[in-house]
Amino acid sequence: EFLDRVCTKIVETEGGKTYTYPGGYTDFKRLKAERMREWQAQWDKQNKEEKELKAFVNKFRNNDAQAGQVKQKERQLEKLRTSPTYVQKPP
């Protein structure tokens with residue numbers, strides 16, 4: 001309550017990154033929870049895609065008929081992992 005009346009913005013440093021939240025402490029808690037939910041959802045989606053690619057590669061690795069597709073999936077997996085938009089696992 002005190003922080004809600006005194007603060008107009010809150011700056012948080014986490015994992016070497018800085019996040020600015022407008023408003024008081026109550027707003028900070030709400031906005032941070034939203035950011036964490038979005039981060040988790042993005043990571044879950046990315047992790048699902050990564051697992052699907054790995055499963056395909058592992059399943060058809062020794063199948064000569066699927067060799068082209070395996071190479072393509074391996075490239076997709078590498079591209080996903082080296083992408084600047086790669087999402088790190090949330091804390």
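Quick housekeeping. What you're looking at is a predicted model, where local features need pLDDT of at least 70, side-chain atom pairs count only at pLDDT 80 or more, and totals for chains, interfaces and linings use all residues. Residues are numbered from 1 along each chain as its sequence is written, and side-chain values use heavy atoms, with hydrogens and water left out.

Okay, the overall layout. The protein chain has three helices and two strands, and from the N terminus on they go α-β-β-α-α. When I say helix or strand, I mean DSSP runs numbered from the N terminus: H or I with at least four residues for helices, E with at least two for strands.

Now the overall shape. A compact globule of 91 residues would have a radius of gyration near 12 Å, but this protein chain has 20 Å. That radius is taken over C-alpha atoms, and the globule rule is 2.2 Å times the number of residues to the power 0.38. If you put the C-alpha atoms in a box along the principal axes, you get roughly 70 × 20 × 15 Å.

How much of the chain is buried? Buried residues make up 23% of the 91 residues. Buried means under 20% relative accessible area, exposed means over 50%, and partly exposed is in between, using a 1.4 Å probe and protein chains only. The accessible surface comes to about 7100 Å², and 51% of that belongs to carbon and sulfur atoms. These areas come from the Shrake-Rupley method with a 1.4 Å probe, and for residues only the protein chains shown count as cover.

Let's look at the strands. Strand 1 is residues 9-14, strand 2 is residues 17-22, and they pair in the antiparallel sense over six bridges. For two strands to pair, DSSP has to find at least two bridges between them. As one spot to look at, Ile-10 stands opposite Tyr-21 in strand 2. The hairpin has two residues between the strands, and Gly-15 takes a positive phi near 60° there.

Next up, charges. Side chains of opposite charge can pair when their charged atoms come close. What we call a salt bridge is a side-chain nitrogen of Lys or Arg within 4 Å of a carboxyl oxygen of Asp or Glu. How many salt bridges does a search of the whole structure find? The search finds eight.

Here's one of them: Lys-32 with Glu-12, where the closest N and O atoms are 2.5 Å apart. Lys-32 is in helix 2 and Glu-12 is in strand 1, so this pair ties together parts that are 20 residues apart in sequence. Glu-12 is buried, with a relative accessible area of 12%, whereas Lys-32 counts as partly exposed at 21%.

Lys-32 also meets Glu-14 in a salt bridge, 3.3 Å from N to O. Glu-14 is in strand 1 and Lys-32 in helix 2, so that pair ties together parts 18 residues apart in sequence. Then Glu-14 has a salt bridge with Arg-35, at 3.9 Å from N to O. Arg-35 lies in helix 2 and Glu-14 in strand 1, so here the parts tied together are 21 residues apart in sequence. Arg-35 counts as buried because its relative accessibility is 16%.

Staying in helix 2, find Trp-39. Trp-39 is buried, at 18% relative accessible area. Leaving out residues up to four places away in sequence, Trp-39 touches Glu-14, Val-87, Gln-88, Lys-89, Pro-90 and Pro-91. A contact means heavy atoms within 4.5 Å.

And back to Gln-46, as promised. Is Gln-46 buried or exposed? Gln-46 counts as buried, because its relative accessibility is 8%.

Last stop, the surface. Phe-2, Leu-3, Val-6 and Tyr-25 make a nonpolar patch of about 390 Å². Patch residues have over 30% relative accessible area and no salt bridge; like charges are joined within 9 Å, and nonpolar side chains (Val, Leu, Ile, Met, Phe, Trp, Tyr) within 5 Å. Helix 1, residues 2-6, gives the most, with three residues. Tyr-25 lies in helix 2, residues 25-60, and is partly exposed at 35%.
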